[in-house]
Amino acid sequence: MIIGIEAQRIFRPKKHGMDIYALELIRAIHKIDKENQYVVFVKPDTDICLKSSDNLKVVEVEGKTYVDWEQVSLPKAIEQEKIDLMHFTSNTASVKISCPFVLTLHDIIYLEKFLSQGSLYQIAGHFYRRWNVPKIAPKAKFIFTVSEFEKIQIQKALGVNFDRIQVVYNAYNQQFRVIDEQQELDKVRVKYSLPQEFIFFLGNQAPKKNMKRVLEAYAQYVDSTENPIKLVVAESSQTDLTNLLNEINRKDLSSNIILTGYVKHAELPFIYNLAKLFLYPSLRESFGIPIIEAMACGTPVITSNTSAMPEVADDAAVLINPMDTSSITQAIRKVLGSDSLYNDLKNKGLNRAKAFSWESTAEKTINFYRAVLNSESIKSL
């Protein structure tokens with residue numbers, strides 16, 4: 001059988017969560033399944049991270065915009081490649097295609113509230129998903145989502161039968177590990193001007209990442225600590241930082257904060273290893289891959305007590321109220337001030353990370369492909 005996988009953005013140089021998911025899933029499927037033929041549809045860009053080989057064909061599909069690519073160009077390519085089953089990996093799908101399909105619906109936050117914050121690109125994406133997802137969800141043979149929490153949200157919002165929503169957890173690449181190669185660690189430290197000790201935070205323009213409260217909590221930590229360690233922020237611009245520091249009236253903090261800009265996925269394990277603590281107090285996550293990436297590197301994690309984050313972290317992280325800056329501050333002081341807690345979190349995190357692998361994710365996904373491709377299974381859906 002010929003199975004198509006939508007991976008529109010995996011060739012873009014700056015990859016984020018859904019792009020990483022698609023790329024890692026495809027690599028794991030290709031390693032495991034030698035029975036079916038796979039066609040991966042991508043939009044041309046500069047980071048050629050996947051190439052055609054034996055039972056995997058990479059097809060570049062042109063498109064001016066995200067919508068044009070998915071609704072016009074992709075359906076034509078699917079028909080031309082004679083796809084038997086299509087997997088859309090990034091929340092949305094072509095409304096009209098010539099074969100059955102499955103959908104990975106990472107989250108439905110855009111259906112839960114009107115989002116007017118974020119970049120113009122992010123706002124446009126919210127509007128597109130609000131239009132697209134209610135149309136395609138009833139048509140999907142299976143909907144994959146990444147946590148039990150999100151499964152419940154999807155069922156409530158879209159009324160899809162529980163049996164058609166399948167939880168298939170995300171995972172992490174094995175490059176996320178405890179790294180002992182000091183020379184390689186030093187290279188990354190120098191490249192990003194990292195201090196000997198620092199708190200690491202992945203921030204961007206998405207409102208859910210909670211950067212303003214992180215800065216407020218860090219300000220409280222600095223004010224209440226004799227020798228505070230610095231805060232390293234990835235994926236945020238100087239303009240964003242300056243604006244937020246102005247909002248909280250703490251321009252003085254700029255000397256305590258280091259911006260790395262975008263960090264390549266291959267370099268993230270080194271930064272996790274160098275960090276004293278990983279801070280992930282997001283307002284809403286359907287999974288939260290950075291939680292287990294940090295744990296796999298032996299870095300203690302502080303994350304939120306909301307949405308899917310407690311499900312992913314289990315008892316291997318300190319959980320805080322992301323709306324309460326004092327809660328974040330207290331957790332930072334608590335973890336950094338207790339060697340026993342610090343080591344306990346490190347050990348629990350390493351064990352917790354072992355529960356997630358892309359091979360397991362791929363095996364479960366392939367089993368659902370087989371169920372759809374089996375004519376009797378299709379009749380029973």
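Reader: Quick one to start: is F278 buried or exposed?

Author: F278 counts as buried, because its relative accessibility is 0%. Buried means under 20% relative accessible area, exposed means over 50%, and partly exposed is in between, using a 1.4 Å probe and protein chains only. Keep in mind that this is a predicted model, where local features need pLDDT of at least 70, side-chain atom pairs count only at pLDDT 80 or more, and totals for chains, interfaces and linings use all residues. Residues are numbered from 1 along each chain as its sequence is written, and side-chain values use heavy atoms, with hydrogens and water left out.

Reader: Ok, and how many aromatic pairs are there in the whole structure?

Author: A search of the whole structure turns up 16. Rings of Phe, Tyr and Trp (its six-membered ring) pair if their centres lie within 6.5 Å; planes under 30 degrees apart are stacked, over 60 edge-to-face, and the rest tilted.

Reader: Which residue does F278 form a stacked pair with?

Author: Y280: the two rings are 5.7 Å apart centre to centre, with 25° between the planes. Y280 is buried too, as its relative accessible area is 4%. Ring pairs also link F278 and Y280 with F176, F200 and Y272 into a cluster.

Reader: New topic, helices. How do helix 7 and helix 12 cross?

Author: The axes of helix 7 (residues 211–223) and helix 12 (residues 325–336) come within 8 Å and cross at roughly 50°. So helix 7 is oblique to helix 12. Angles under 35 degrees count as roughly parallel, over 145 as roughly antiparallel, 65 to 115 as roughly perpendicular and the rest as oblique. Axes here are lines fitted to C-alpha atoms over the stretch in contact, with angles from 0 to 180 degrees between N-to-C directions. Helices (H or I, at least four residues) and strands (E, at least two) are DSSP runs, numbered from the N terminus.

Reader: Which residues meet there?

Author: On helix 7, R213, E216, A217, Q220 and Y221 meet T325, S326, I328, T329, I332, R333 and L336 of helix 12, where contact means heavy atoms within 4.5 Å.
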